[in-house]
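Notebook open, structure loaded. I want to go through the charged pairs, then a couple of helices, then the overall numbers.

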Amino acid sequence: MDIPWQAILAALLGLLVGSVSVAAFRVSQHRMRGGEIPESEDISSDESNILSVLSGGTVLLRKTGEILRADATAASFGLVVDGKLVDGPVKDVFDKVVETGNAVQADVEVPRSNLSGASVYYLTVRLSPLPRERVLLAATDRTEKVRLENTRRDFMQNVSHELKTPVGALALLAETVHDSAEDPEAVRKFSSRMTREAKRLGRLVTEIIELSRLESPDALGVGEVVNVDEVVEEAVDRVRVTAEGARVELVAGGETGTQVYGDTSLLMTAVRNLLDNAIRYSNPLSRVNLGVSADSEVVRIAVVDEGIGVSPDQKERIFERFYRVDDARSRETGGTGLGLSIVKHIAADHGGTVTLWSEPGRGSTFTLVLPRAFPAGRYPTSNEKEPS
């Protein structure tokens, strides 16, 4: 079939426009995140010595705003755009220093790029006037510190909220049992609920402690060769009663004899949490499958359920602490919202990852992907055991 020359021309024009657009965007980003601006010749030896001993992002300017020197770090922070000090809070601080003649320190937020919705750098900038009508700017990056502080604050708020629920329920139930002392049926009913809330509280505290331990740098310690068969067998055994109680069929299979490096107990916890999550969100008389597969580099442990599934907007948050796909259902079954977060941390500590495929109403597949102990071309030493 002949293709009209007009279509070919349109396609070529489209490619040209696209290429020019990409090139323009990259040039813009390069300008915003480029390397060092060439040093002006109008810099004294004293100024050069000061700049040489400063770390982080530094910019030397005239009071007119002309940049005499900006290092690569300052450019990467976006403090300098097209050879000028970026408009916004940093420029406002500079203007204040020029106006008052006094040194100023301020915490500012600078966009990481010129794209809409881009994240920001959290910087502490210090600007000080110098002789010869100069101003020195030094920036320190606080982004990681702010992120960790926000994470800690959110975690503490979530923990406080989650603990209040079972504690409050236990207090109310205890009061109800006391008031119903003359009614044996009511005592049995409410004491049973007290037991369930107490178990949920105990599990929540245990998982909070486990998650805190996993977030420490040395959580894994010294790894050892772990037989995946043993991990799977133990995990399945620990959730079998839960599956029977939920009337969910549990089936395990796949490749045998695979091994990974790591901690047997942590890996068992990760697989058990995946199974427990699958059972929790499955309907009665459905099935949860666990399958092991491997290639020359990695071992995959997949847990497949026929449950309610996860919507696209929930997939981005599914591994967050205390996040629940169905809050009411999770509370009813005793879920804490920490299980998948623990799985994610365990996978990361073992150099692996955990992935999710899911569609609402069609179930979910969580896959724990771990580096194989003996990848292709790698043979065990005398102290290691070959895969069976």
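**Salt bridges.** I started by counting salt bridges, taking a side-chain nitrogen of Lys or Arg within 4 Å of a carboxyl oxygen of Asp or Glu. The count comes to 9. This is a predicted model, so local features need pLDDT of at least 70 and side-chain atom pairs count only at pLDDT 80 or more, while totals for chains, interfaces and linings use all residues. Residues are numbered from 1 along each chain as its sequence is written, and side-chain values use heavy atoms, with hydrogens and water left out.

**Lys 91 and Asp 95.** I looked up this pair next: the closest N and O atoms are 3.2 Å apart. Both residues lie in helix 4 (residues 89-100), 4 residues apart, about one turn of the helix. For the helix assignments I use DSSP runs, numbered from the N terminus: H or I of at least four residues for helices, E of at least two for strands. A reminder to myself: an α-helix has 3.6 residues a turn, so residues three or four places apart point the same way. For burial I use relative accessible area with a 1.4 Å probe and protein chains only: buried is under 20%, exposed is over 50%, and partly exposed is in between. Lys 91 counts as partly exposed because its relative accessible area is 26%. Asp 95 is partly exposed too, at 34%.

**Arg 280 and Asp 276.** Here the closest N and O atoms of the salt bridge are 2.4 Å apart. Both residues are in helix 8, again with a spacing of 4 residues, about one turn.

**Glu 359 and Arg 362.** Their side chains meet in a salt bridge at 3.0 Å, N to O. Glu 359 has a relative accessible area of 31%, so I filed it as partly exposed. Arg 362 is at 56%, so it goes down as exposed.

I stayed with helix 8 (residues 264-280) and picked Thr 269. Thr 269 has a relative accessible area of 11%, so it is buried. What does it touch, leaving aside neighbours within four places in sequence? Thr 269 is in contact (heavy atoms within 4.5 Å) with Ile 342 and Ile 346. Both of those turn up among the buried residues of helix 11, along with Gly 339, Leu 340, Ser 341, Val 343 and Ala 347.

**Lys 344.** This one lies in helix 11 (residues 339-349). Lys 344 counts as partly exposed because its relative accessibility is 46%. Beyond neighbours within four places in sequence, Lys 344 is in contact with Phe 319 and Val 354. Val 354 is 10 residues from Lys 344 in sequence, and their C-alpha atoms are 6.2 Å apart. I also checked what follows helix 11: Gly 351 has a positive phi, near 75 degrees.

**Whole protein.** I noted 11 helices and 14 strands. Of the 388 residues, 37% are buried. For contacts between residues at least 6 apart in sequence, 65% join residues at least 24 apart. The protein exposes about 21,800 Å², and carbon and sulfur atoms supply 54% of that; the areas come from the Shrake-Rupley method with a 1.4 Å probe, and for residues only the protein chains shown count as cover.
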